[in-house]
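Okay, thanks for coming, everyone. Let me put today's chain up on the screen, and then we'll walk through it together.

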Amino acid sequence: MADEITTAEDEETATVPETPDASRAQSDEGLGDAGKKALQEERRKARTAEKQLSELQKRLQEFEDRDKTEAQKLTERAAAAEKSAADAQTELMRYRVAADKKLPAELAARLRGTTPEEMAADADELLALLNAQQQRQTPNYDGGVRQTARPTSMNDLIRQTAGRG
C-alpha cells in the first residue's frame, strides 16, 4: 500500500501507540533488558512530548483568545468612533440649517430629519409656529395713534372738558 498518503496526524498516532497495559506487557516479554529500557525511554519521551504538545496548544488558544478580545475591543472602538462622527455631522447639519433659516441657535437642537432638506422643512415649520405665536402675543397699537379713554359719567366729562380732570 505505497499509494496511501499519510498526514501529520497519522504520523503522530503511529509514533505513539495506544495499547492497553496487558498488550504492552506481552510485547515487553520478547525483548531483552536493553530493549525494555529503550522501550520505557521511548514511552517516557512520548508522554513528555504529549504534555508539551498539550501545553503549547493551551498557550496557542490563549494567544488566539487574547487576539480575539483585542480585535473585539478594536471593533467596539471603531463602532463608537463612527457613531460619534455621525452624531457630530448631524449636529453640524442642524446648526447650518438653523443659520441658513435664521432660526435661533437655542432651537437648532430641536430640528429633526436625516438630510438637510428634511431639516430645512422642519425649520420652516418651526419658524411658522414661532411667528404665529409672536403675532398672538404682540399687542395691537393701532398704528401708534391712541385715543384717551372716554369718561364714564357726565361729571367726568364736564371736568375733562373744563381741563380739571
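So, in which kind of crossing, left-handed or right-handed, does α3 pass α4? It's right-handed: that is how α3 passes α4. A crossing counts as right-handed if the near helix is turned clockwise from the far one by less than a right angle, and left-handed if anticlockwise.

Quick housekeeping. This is a predicted model, where local features need pLDDT of at least 70 and side-chain atom pairs count only at pLDDT 80 or more, while totals for chains, interfaces and linings use all residues. Residues are numbered from 1 along each chain as its sequence is written, and side-chain values use heavy atoms, with hydrogens and water left out.

Overall, the chain has five helices and zero strands. Here, helices are DSSP runs of H or I with at least four residues, strands are E runs of at least two, and numbering starts at the N terminus.

Back to our pair. Helix α3 covers residues 33–100 and helix α4 covers residues 116–137; they pack at an angle of about 45°, with axes 10 Å apart. Axes are lines fitted to C-alpha atoms, for helices over the stretch in contact, and angles run from 0 to 180 degrees between N-to-C directions. That makes α3 oblique to α4, because under 35 degrees is roughly parallel, over 145 roughly antiparallel, 65 to 115 roughly perpendicular, and the rest oblique.

Who's touching? From α3 we have Thr90, Met93, Arg94 and Val97, and from α4 Pro116, Met119, Ala120 and Ala123. Contact means heavy atoms within 4.5 Å.

Now, the largest nonpolar core has twelve residues, including Met93, Leu103, Ala108 and Leu127. Such a core is a set of buried Ala, Val, Leu, Ile, Met, Phe, Trp, Tyr and Cys residues joined through side-chain atoms within 4.5 Å. Buried means under 20% relative accessible area, exposed over 50%, and partly exposed in between, with a 1.4 Å probe and protein chains only. The largest share, five residues, comes from α4. Across the chain's 165 residues, 8% are buried.

Last stop: Lysine 102, in the loop between α3 and α4. Lysine 102 isn't a glycine, yet its phi is positive, about 60°. Most residues other than glycine have a negative phi. Lysine 102 is also exposed, at 71% relative accessible area.
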